[in-house]
Amino acid sequence: MTEELDNLPRFLGVSTNGPWIQFARRNARNAKDQIVASILGGASAFPNSILLPRFPGEPARLDLGEKPHPRGTGLSWPLESIVDLEHGAGRLPIGLVIETIESGDFVEWMEADTHRYRVSECLAESLAQIVGAASSSSELVYVIPNSWGTRLQQGMIDAFRRYDLKCKLLWRPIAAALEWLDRFGDNLTNYEKVKYTTAGSLLSVYIGYEHLEITELELVVYEHEDRQFSLVPGRGRPSKLERLPSFGYRQRLKYLDSEYERTFSSQSTELERFSWNWNRLWCTPLLSAAQGSVLKNEPIRRTVDSKTDRVILPLSQLEPLDLHQRLRQLSIRLHREYTGIVVSGSLANLAFDESSRVWDWVIRALRVESESILVEGTNCELGLLAKGACRFAELLDAKLPTYLDTLPQLEMVISEGGEPKWIELLDPAEKWVNGGRVWQRSQQIQNLAIAPNSTELKLAIAHEEFDTIREVIAPLPCSSESVEKVALSVEILPAQGNARIELHPAKKALFGNDRVYVNWLRMSEVVLDDGKTATKDTYLQNLPRIFPELLPRLRSRSKLQAAEIALHRVWEMMRQEDRVTNVNKALKNARNALREKDQAMYPRDATAFDSEGRCEGSFSIVDFMKTAWPYYLRHQPEEFVRAIAYTHIDHPEFHEHIRESIKWYAQEDYVIAAGKCFRDPEHIAHFFRWCISEQGIGNMNVTRLKAMSEILRFRANATKLLSSELCLELMRRSCDIFEHQRLRRSGGERFRMVCLVIVYALRRRAFDDSFLDPESKLATRIKDEFRKAQADATEGTLRLIGGAVDLFQQLQLIIDYVDRQGKGQLLIGD
Amino acid sequence: MANLASIAFVGCFPWAEPSDRQSVKNSTELSRGCVILPYTESDVFCDECKDPLPLIARWTDRDRKSWCKYELPTGDFQHSQSFIFQSEGVGGRPFRQEVPLGPGVLRSFLDEQLEDEEEAENLPQSIRRYSKIRDLIDTHIEFLNDLCDQIRPNRYYWEGNFGGIAARSVRRVASCWMNANEHGNARLALIVKLAREIAQILGLVCDGPRVVLRRSREFQSIAKIQEIDPSCLRWLARQPGRDVYERAGSRQQLLGVVRREDSDTLENRMVKDLLHRARIECGNYISLNRDFSNHDRVRVVSTFRRHLIKWEKHSEIAHAKRLTGPVQPNYVLLHEPRYKKLWDAYQLLLSQQKQKDDIWRWKARSFSESCEFGLLGLLRQQARRSLLDKSDVLIHLEAITGKFVSKDTQFGPIGHSVLPTASELVLCRGVHAYQCPFIAREFYSLAADFFLVARMSPTVSAVLPVWCLIETTEEKLIEGVQVLERKLRDIPRSDSIRPLILLYDEPGLERVFFEGRGKVISLEFPIQKSIKKVAVSALGSLGAL
C-alpha cells in the first residue's frame, strides 16, 4: 500500500481523471511540509473501479489493490463477473466515471434483476468508505472538467452531500494552474499592479486517455485587502472547441486486439474478444504498465469500432491523424507564446514509438511556446490535479485569493411595464468573480407577482446548458387570496452547482419563518401549446400578454436603391438651389419611392427606411437634412413634409414644425408626418388630444386613424403621457367607428386602422396596469363587437380588403388582448 | 429408489436419480436423503421445517424430462416420516406426499443425555456418535456467529451487513476458519456471557422469587375461619345439620378461604425454563471445551452450571410449573428490573437453541458448509491475492436449512500458482453447477456439494466433485459408491474426473474408488486439522493431471 489515508488531514484533493483515483494532502510528517499526491491502490495495480451493488442495501464500493474482485471482470464465471451488452457490467472503472456522468449519470447492470445506479452517487459512496471515518473533519476538493455545467456540478455536490462528505468542486484547468503558479508564480513580478488587469496568459493542456482539454486562462492581478498584489488564474466561459477526443484507450484496445489474435484462435466470438479486452483493460495493470510505455504515433487502421468496444470505452471516431489536424485548427485560436503552460493527464508523459513524448507532440501541434512548462510526470510528480485541488482548499481556508471565475449565463423572464423580457440572473457588474466564494446579485429582482391561491411560483429560465427554455418552481409554504408581490435575491458559489434564488415577499410575514428557494430539482422543459419546445424568442412570443408587442416598420435594402437615387437627386437640386417646382417634382418621385413597400417581406411591413428612420445602405438622412431643412425653410416646397415623413426621420426641428402645424386646419401631410415621425411623448400626447378633442374621432378620416395607429405600434412610450381617460375615449370612439364599419360590411382601410388603434391603445397598460379591465363595460362592448364581426367574417359578409390574413383569427387575437391573454402579432396593418 | 405416487422419488444419496430404481423402504436406508420431483417453479415444503426444502440439483434427463432434487432433513428418531407438499406441483395441482426421513435424534433429548459428562461415558455408541456431530455443528454455528458479529473492512477487502446478510471476504472467512482452532482457548460463547452477566441476578431471583397471594378454599377449624365466599356458603348449605357446629361434622371443620403465597407465576416459570436451558447449554459448552477445562471461561460456566442445578432443585422456583407453549411476556418480564434482564437472556438463549434445533435437522449440510470453508482455506493457503481471495461470502445472520452461506455466494477463480498444470482453479458451489460453464451437464443430476475445476485450457479441464456425508454405514457407502461410479463412467472425459466423498469421523470407511481416481476421506473434529488430508490427496490428484 503506497498511501495511507488513515490520519486524514483537513483538506484532501481528489481527482478521478484517468484510470486511478488520485489523492493529495499536505504531509505534516514531511520535513518540508509539502503537499503530496498518491494514487489509490498504487500506480502498478489494476485501474480503480467501483463495484456496483448486487443486492438491495449493498453499497457501491471501490475495488483496488493487486487483484480485482470477481464482479464485472469480464470472466465467464462467476455470474457476477460476466460483462456483455445485454447485462452490462457490475464494475464501473474510474476511467469511465467522468464520461458516464456526463452522458446521463446513470449506469445499468442486470444481474438476476436490472439495477440502475446514479454514477455520481456510486462514486461519492465509494469515496465515503475510503475517507469515511475522518470525513467529518476533512474537506474534499473534487476536480471536475472545465466544461461541466451547473446541472452536473449540482448532481455531484448532492451526491457527496448524501454521503455526508464535505466537498467542493474545482475546475480541472484551475487545479493545474494553481500548481503551475506554485512552481513559477514567484518568478512573475513584472506586472502592472492594477486590480483585475491581465498580466499574462496560461495554457492548461489536459491529455487524458479519454479526451484532451485545452484551456486558455488569464493570469489576473488580484488586490488583497492589505493592498498587496498577486496573480491568480482567471477562467473565462468554457468553449466546446477546447475539448477533443483522445486516442489513449483506442491505442490500448488496438494493442489488445492484436494480442488476442496472437493468443487465441480466430474462431472465438466477438463477445469473447470483448470480455477479454475488458478484463485486460480494467482488471489487469495494463494501463499502469503503460506509464512510460510506447504508443503509436500513426493513424489507427480500424475506423469502425464495434458496438461492444463502445461499452468498454467512450471511443470516438477520431484518429491521431485527425487529432493532429484538429489541434492545428485549434491553434488558430490560441496565442503563440504563453507566460506558462501546464500539462496534466495520465497520457501526458507517455512516449510515442519514436521516443517523443505525447505532451511534446501536442504542444508542437498547437504551435505554442513558453519558457515555463510544467508537465505531470516529467517535472512534476503524478497527481498534479489532486495537488492543485488540495492547494485550492488551503488557500480558501486561509482566506487567500484562489482564482477568478466567470459566471454561467442564466436568464429569466420578467415583465417590465407589462412587456416580458429576458434578464440576466447572474449578471455581474465586473468581469470576474472570486472562485470559491459566494457571489451575490447586487440588486434584487423586483415586481414579481404571485397569483391568488397559488401554491408555487413558476419561473422561466434560459440556461446556457440547454438549448431550450426550462421552468423552475418555487414551492410556496402558503397561498394567498390576493396577488402578492415578491422580489428575488440571487447568489451563487462559482463551480458549486445551481444558483440559490430566494423569494422575498413584499409582505414580510407572508411565508412566516420559512425561507423559500427555487427548487432546481423540479426543473422541467417548457413545451408550448403546439407541442414544441421553446427557445427564448418563441417563449416570449407564446407568453400571454396584456397588450401587443410593437410592430415596427422594417427597412428594405431593395426598396432603398430607388429611394436613394431619388433622394440624391433632390439633394443635388437643393444644393444647387434649383427651382421649387423642379424640386417638388423630384420630391414627389422620392416620396413614391420611399412609401413603396417590399412585397418580398410580406406580411411584415418594410419600406426603404424603417420606423426608426434607419436604412440598410450608406445613405445618411441626417446629412441630407443639413441641406434640405434650410432649403425648406427658405422655399417651403409643398411636397417636402410628406416625402420626408416616409423616412420616419428623427429631426427635432422637423418634429417641432409638424407639432406647430397640427391645428384645426392642419393639412393631411402634417398628420401623416406626425404619425410616422413623432417620438416624443409630449408631441404624441398633443397629437392625440388634437385628434380627439379638436376634430372628434367620429369624423376622423383614414389618414388620422392611420397616423394614430402608426404612432401606437411604432413607439414604445406612445401612451406614456396619454391619460387613461383619453385612451378610453379613443377606444370608445374607435369602437363606434368599428361598429359602423361592421354594419356597412366594410373591411376596408378604415376598418383595419380602427382595429389597430383599439389593440395598440391597450399598450397604455404598460403605464397603468388597471387600464381597461376585461370585465369593464367598454371592454365587454368591444369584445361583443369583435365577436359579431367574427360571425360576419365566418358568414362571409365581412371581408378584409387587401391582404390574405385570416380575419377571424385576427379578431380573436384582439379579443384575447383585451382579455389580457394575447399571443402573437396582429397582421391586419397596412 | 421409491416411486411414490409416480411423482416423488426418494434417494438415499445425493447422487441418486429416478433411473436408479432402488427402493428406499425405511429411514435407516437413507444416508443423506433427497427427494426428486418433476421440475416446477413451486417450492417444496416439509412438515418438519419452516423453510422450503433446499433445491440441490436441477437437470434434464436423456428422455428430456426435467427434474428437481431437494434435500430432506433428518428426522427426530430412528424411523421418521414426514409430509412434503407443493402448492403447485406438476400440472399446477397441489401435491402432498409422505416420505421417509433419515434417522436422527431429537436435539433436546441428545442434550439431556449428554449433559452430564460422567454419565455420557455409559451412553450407547449411537448417542456418543451424535455427541461428536453436535460438537461439529455447534462449533460451526459459533464460528459463523462470530464472523457475523465482527465487521472488519479495509480498503482492499470490503465487509458489511445489509438486508439480513453479512458480506465477508473469502480472505477473512478462510483465514478465520483455518485459525479458529489455533486460539488454544475456549470460545467466548453466549453461555459464557450469560454466566457472567445473569448469575448474580438469577441467584437473587431464585432465593426470593416474586410471589402472589393466591386465594384458595380449604377446610379449617371453625375458630380459624376468617373469610368465606359464596362458594363456601353453598357448600355449607348443602351440609346436613341444624347449625354450623352440626354442619362442621365430627372434625369441626368448614370450608373457608385462605390466602397463600405462590411462586407459580409466568415469570417464575420462565426462570425455571431458563435454568433448565442454561444448564443444558452449560453442559454443551463444557463438553465442547473439555480440552480447556482449566480455562477461566470454562470454569465460570462450570460454576454457573452447579448453581443452576442447585437452584433448580432447592429454590422456590422449583415449585413453579413447567412452561407450556411460547411465552407472551407480561408486565413483570418487560419492566421489573431483575426479571427483565432474565427475560432478555432467556430470549437470546431460546433463539440460539432454536437455531441449533433447526440446524440439527440439516447436519450434513452444515458439515458440507464446514468442508467448503476448509477447501477455501486450503486454496487460499496455496494462492494468496487472487480473485477468490476478494470474493464475497454472503452469510445469512440465521441459518436457512442448515446453511449460513447464501446461495448467491459465488467464488472467483484462482490463478495458476496452485497447480503447475492448471491455468485456473474454480470452486463452484453445487447449487450453481447448472450455471457454471466449466461443469458438464451430466454432473447436474449428481448434486455434488461443490466442485473444484482445474482449467488447463479453454477446452480442457479436470473436475473434482465433492459430496459430504455425515451419517452412513459401510454397507450403505459401498452400495452408494457403486452407483456413483456407474454414473461417473457415463460422463464424457471421465478420466479427468476426481470424485471425492468426505465423511465425518469415520476413519474406517476411507477408501479409493473409481479406478483409484476417487477417494473417500474421513475428517475428524476439529476439521481444521484433518482438512489437510484433502489438500494432499484431492489437490494432488488434480495436480497429477
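User: Is Asn453(A) buried or exposed, and how is that decided?

Analyst: A residue counts as exposed when its relative accessible area is over 50% and as buried when that area is under 20%. In this predicted model, Asn453(A) has 53% relative accessibility, and it therefore counts as exposed. Its place is the loop between strand S24 (445-450) and strand S25 (456-463) of chain A.

User: What is the phi of Asn453(A)?

Analyst: The angle is positive, about 65 degrees, although Asn453(A) is not a glycine.

User: Which value does phi take in Glu577(A), and where does that residue lie?

Analyst: Phi of Glu577(A) is near 50 degrees, again a positive value in a residue other than glycine. Glu577(A) belongs to the loop between helix H13 (557-575) and helix H14 (580-595) of chain A. Values between the two cut-offs are called partly exposed; Glu577(A), at 40% relative accessibility, is therefore in that class.

User: Let us turn to peptide bonds. What is omega for the bond that joins Trp77(A) and Pro78(A)?

Analyst: Omega is the angle to read here. For Trp77(A) and Pro78(A) it is about 0 degrees, and the bond is cis. Pro78(A) sits in the loop between strand S5 (61-63) and strand S6 (91-93) of chain A. In chain B, the peptide bond from Phe525(B) to Pro526(B) is also cis, with omega near -5 degrees. Pro526(B) is in the loop between strand S20 (518-523) and helix H15 (527-530) of chain B.

User: Which residues form the negative surface patch?

Analyst: The patch consists of Glu656(A), Glu660(A), Asp680(A) and Glu682(A). Glu660(A), one of the four residues of the patch, has a relative accessible area of 48% and is partly exposed. Glu660(A) is part of helix H17 (residues 652-661) of chain A.

User: How far apart are the mean positions of the positive and negative charges of chain A?

Analyst: Chain A has 107 positive and 115 negative charges, and their mean positions are 4 Å apart.

User: How should I describe chain A as a whole?

Analyst: One may begin with its secondary structure, which comprises 24 helices and 32 strands. Of the 830 residues in chain A, 58% are buried. Among contacts between residues at least 6 apart in sequence, 71% join residues at least 24 apart. The accessible surface is about 35200 Å², with 47% of it belonging to carbon and sulfur atoms. Along the principal axes, the C-alpha atoms of chain A fill a box of roughly 100 × 65 × 65 Å.

Key. Residues are numbered from 1 along each chain as its sequence is written. Chains are lettered from A and ligands numbered from 1 in the order in which they are written. This is a predicted model: local features need pLDDT of at least 70, side-chain atom pairs count only at pLDDT 80 or more; totals for chains, interfaces and linings use all residues. Side-chain values use heavy atoms; hydrogens and water are left out. Helices (H or I, at least four residues) and strands (E, at least two) are DSSP runs, numbered from the N terminus. Buried means under 20% relative accessible area, exposed over 50%, partly exposed in between (1.4 Å probe, protein chains only). Contact means heavy atoms within 4.5 Å. Accessible areas come from the Shrake-Rupley method with a 1.4 Å probe; for residues, only the protein chains shown count as cover. Lys and Arg count as positive and Asp and Glu as negative; His and the chain ends are not counted. The place of a charge is taken as NZ of Lys, CZ of Arg, CG of Asp or CD of Glu. Patches are made of residues with over 30% relative accessible area and no salt bridge: like charges are joined within 9 Å, nonpolar side chains (Val, Leu, Ile, Met, Phe, Trp, Tyr) within 5 Å. A salt bridge is a side-chain nitrogen of Lys or Arg within 4 Å of a carboxyl oxygen of Asp or Glu.
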